[in-house]
Amino acid sequence: MLIALWTVVWKAGVFHQSAFPSPLAVAQGFGVEIASGRLFTDSVTSLFRVTCGFLLAVSCGVPVGVWMGQKLSVRLAFLPLTNFLRNLSPLAWMPFAILWFGVGDAASIFLIFLSVFFPLVLATMAAVGSIPLVYFHVAQNYGLRRIEKLTRVTLPAIMPQVITSLRVTAGVAWLVDVAAEMIAGRDGLGFAVMDARNGLRTDLLVVEMIVIGIIGVLIDRLLVQLTTVPSVRWGYAR
Amino acid sequence: MSGRLELTNVSVCFEAVEVIRNLSLTIADGEFVAIIGPSGCGKTTLLNVLAGFERPSAGSVECQGRVRMVYQQDGLFPWATVTENIELGLRHIADRSERQRQIGELLKVIRIAGFEHHYPRQLSGGMRQRVELARALAGGSDVLLLDEPFSALDYLTRFRMRNELARLLREMPRTAVLVTHDIEEAAQLADRIVVLTQRPARIRREFRISTPRPRELTNPEVVDAIGRILDALDIESATRKN
């Protein structure tokens, strides 16, 4: 369908030839990019960055969110700052990212971290705050110790909401990674987009766009798998 | 261990609101007490005080034995299976095979075979309440605090669960405190009925039912008790005033 529409628009000449590649040219572009191995290495580079940045942010963001959700004093102290930083586009940090980490993996990972960490802290905090009191009464009734209240009540209770937030923030992380590579990259899919633009290779531009979109969908598909774990199904099933 | 509960001159205030005023109540080991009162009169607060979830503003609370609460609904952990939920009540038993054995027995007693690895959301309301009862009865607990345990169920299931509770308590005797709106339920199950006043809650009337448990709903003393509860509740009712 899409390809048919694309072909029609291309044939009709709505846009200038140099600004609108044909499906065939894009297919050939795929062949070239795959043969040179560049598409593969760029994808791996970008995936490496997004994975590192994302996992780092999750492993920091969820604990901080739980901490803020549990302690009113911590929440009062850090919530305004967290809200401020969450609303600050991670891309605004770009100049500092380059100054501090140079052009390369670290700068991208830093920006991805910022884009995931703050929203995840807030989402986790809200999830902790919405756990029904009755579960903590049960925990007290059955003599759960402090650490067990965390592992057997708080964490399983917030899991469904946290997984939803992971899906949202993983999408953001992927967007930010591509954007970061476009501005401050020497490799990766974002850089490939800029490279294609600079070379006026609209066919390759479309190739990169398709790959970026597909990888984004695949990342989400992967995270959706988390929602099929039996112990979190209660949070989704109606 | 025995399950004896004693409240002496207990008052509970939440900020400016006085919920319970100077209430004294002693519940003997093995006794079944039903607490009835107008909505919002502080019945649940009373249970929370007995469970140790709330501290009284004045007076003293003495609870002996292992006290466990059964909730109206959603007291089970939704992320844990039937077995995992019941196992919560057996945490103090160190030996794993002994725990397994007791879980097996409890599952048999509540007639829920085949559902041991299901999650609460996959069970009917009546089954969930049976699992919650099993969890509360597990591991030699002494006192059950029942907070309107059957009120979220449909009428017939509620009826069946009432008999189920009577049967379970015959097999595994416990001290029980039942908070309920269901007058029939109270009259059929309890050894003693305590009727509370409007907030701040005090004891309005208190009487015993001597027919041994379990008893039929049509038992003359049960029917008589229903009348007496209605009478006790009616004192402030609109129909009487008009």
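The buried residues of helix α9 of chain A are L189(A), G190(A), F191(A), A192(A), V193(A) and A196(A), a residue being buried if 20 or more other C-beta atoms lie within 10 Å of its own, exposed if 12 or fewer, and partly exposed in between, with C-beta atoms placed from the backbone. The cover over these buried residues includes α3 (38–70), α8 (146–184) and α10 of chain A. Helices (H or I, at least four residues) and strands (E, at least two) are DSSP runs, numbered from the N terminus. The structure is a predicted model, in which local features need pLDDT of at least 70 and side-chain atom pairs count only at pLDDT 80 or more, while totals for chains, interfaces and linings use all residues. Residues are numbered from 1 along each chain as its sequence is written, and chains are lettered from A and ligands numbered from 1 in the order in which they are written.

Helix α9 (residues 189–198) of chain A packs against helix α10 (residues 202–224) of chain A, their axes coming within 8 Å and crossing at roughly 160°. That angle makes α9(A) roughly antiparallel to α10(A); angles under 35 degrees count as roughly parallel, over 145 as roughly antiparallel, 65 to 115 as roughly perpendicular and the rest as oblique. Axes are lines fitted to C-alpha atoms, for helices over the stretch in contact, and angles run from 0 to 180 degrees between N-to-C directions. The crossing of α9(A) and α10(A) is left-handed, meaning that the near helix is turned anticlockwise from the far one by less than a right angle. L189(A), A192(A), V193(A), A196(A) and R197(A) of α9(A) meet L204(A), L205(A), E208(A), V211(A) and I212(A) of α10(A), where contact requires C-beta atoms, placed from the backbone, to lie within 7 Å. This contact has 8 nonpolar, no polar and 2 charged residues; Ala, Val, Leu, Ile, Met, Phe, Trp, Tyr, Cys and Pro count as nonpolar, Asp, Glu, Lys and Arg as charged, and the others, Gly among them, as polar. Just after α9(A), L200(A) adopts a positive phi of about 55°.

R75(A), T82(A), L85(A) and R86(A) of α4(A) contact F118(A), P119(A), V121(A), L122(A) and M125(A) of α6(A). By class, 6 of these residues are nonpolar, 1 is polar and 2 are charged.

T169(A), in helix α8 of chain A, counts as buried because it has 24 C-beta neighbours inside 10 Å. Beyond its neighbours within four places in sequence, T169(A) is in contact with V116(A), P119(A) and L120(A).

Chain B is divided into domain 1 (1–65 + 145–242) and domain 2 (77–141), with bounds from an automatic or database domain assignment. The C-alpha centres of the two domains lie 26 Å apart, and 13 residues of domain 1 of chain B are in contact with 8 residues of domain 2 of chain B. The domain 1 side of this contact has 8 nonpolar, 1 polar and 4 charged residues. E184(B), in helix α6 (residues 183–189) of chain B, is partly exposed, with 17 other C-beta atoms within 10 Å.

Key:
Contact = placed C-beta atoms within 7 Å.
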